[in-house]
Amino acid sequence: MRRKDDTDVNMVLTSATLVRSLNGDNNVISDVTVKVLLPDGHIIDGHIFLVDFHYNVAVVKVAAYLALLEESTTNNGAVLALGRAYEGGYIMCSRGQVLNKKSNFGCAELLVSSCEVSMAGSGGPLVNYNGQVLGINFYEDDQTSCLPVLIVSRILEQHHSFGKLISPWLGLRYTSLHMVTLAVLERIYRKFPDVDQGLYVSKVVEGSPADVAGLCVGDVIVKCGEKVLSSVPEFGAILLDAAVSHIEADGGCDGGMAIEVVIKRQGDGSTVSKTIAAEMLEESNYNRWPAPMPSYK
């Protein structure tokens, strides 16, 4: 997946798993060499420009012209997962659908498709049948997860503006209602028959900003600010935008970021507004990703 910067140098987006140290910590492999296979068959040197271990994204700069792929935030319908084989360099392609399933990885914003890719497909694009990029693929044993462009574009913008990721930490785990189990969904509809979209809270870290604000497991977040929530990537994008606004207004990363949410209470079914005094994301709260596999065939 490729983006254009302000110069004649192009940026290739891929997975940080490909350059992460083999012990799985948040460091790039020492003295790693990057080679990029171009569409015309030539192989040139690439230079690691950006690595974001929270979202598992890396950017490689190359001094070559690459075709720019159009982006899309529409995730419905048939999709294709693309990649290149390490042996031979031929294009790999797998057809599938975006599924209402959760990824096995720790990143809540990931989508899941039925496309089947090998480890060599990690970092490749998920595209629709119009050729528009929906996100970056990550290999899983029994499915393919994908980080949506809704999040990827904001990661790149933040690194360009601030040199790093600026994100709030709430201390919550949540899932879109259309991805929860049937048993959970039945409980929600018995309590909230008027709710058909939102985020189900599955975990609240003790002592976290969300815990202090009074959010509980079983609550459903239905709004953030004035925005009605329907998906986790949507909420993630709102939080990233809020972080940028906070930095631009205050000029620092000192926390104190107020996130306004409306929730449906599991306990009594009431609708209440809560203000979460979010902290800035630190490495100890990064998403957990698997250590690189020894073989990428």
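Reply: **A close look at one loop**

Leaving aside residues up to four places away in sequence, His54 touches Leu165, Leu281, Asn285, Tyr286, Asn287 and Trp289, where touching means having heavy atoms within 4.5 Å. This is a predicted model, in which local features need pLDDT of at least 70 and side-chain atom pairs count only at pLDDT 80 or more, while totals for chains, interfaces and linings use all residues. Residues are numbered from 1 along each chain as its sequence is written, and side-chain values use heavy atoms, with hydrogens and water left out.

His54 belongs to the loop between β4 (43-52) and β5 (57-62), strands being DSSP runs of E with at least two residues, numbered from the N terminus. With a relative accessible area of 7%, His54 is buried; that word stands for under 20%, exposed for over 50% and partly exposed for what lies in between, using a 1.4 Å probe and protein chains only.

Asn56 also lies in the loop between β4 and β5, and at 1% relative accessibility Asn56 counts as buried. Its backbone has a positive phi of about 65°, although Asn56 is not a glycine.

For a residue elsewhere, consider Asp31, which is found in the loop between β2 (10-15) and β3 (34-37). Asp31 has a positive phi of about 55° although it is not a glycine, but Asp31 is exposed, with a relative accessible area of 75%.

Conventions
Helix = DSSP H or I, 4+ residues; strand = E, 2+ residues; numbered from the N terminus.
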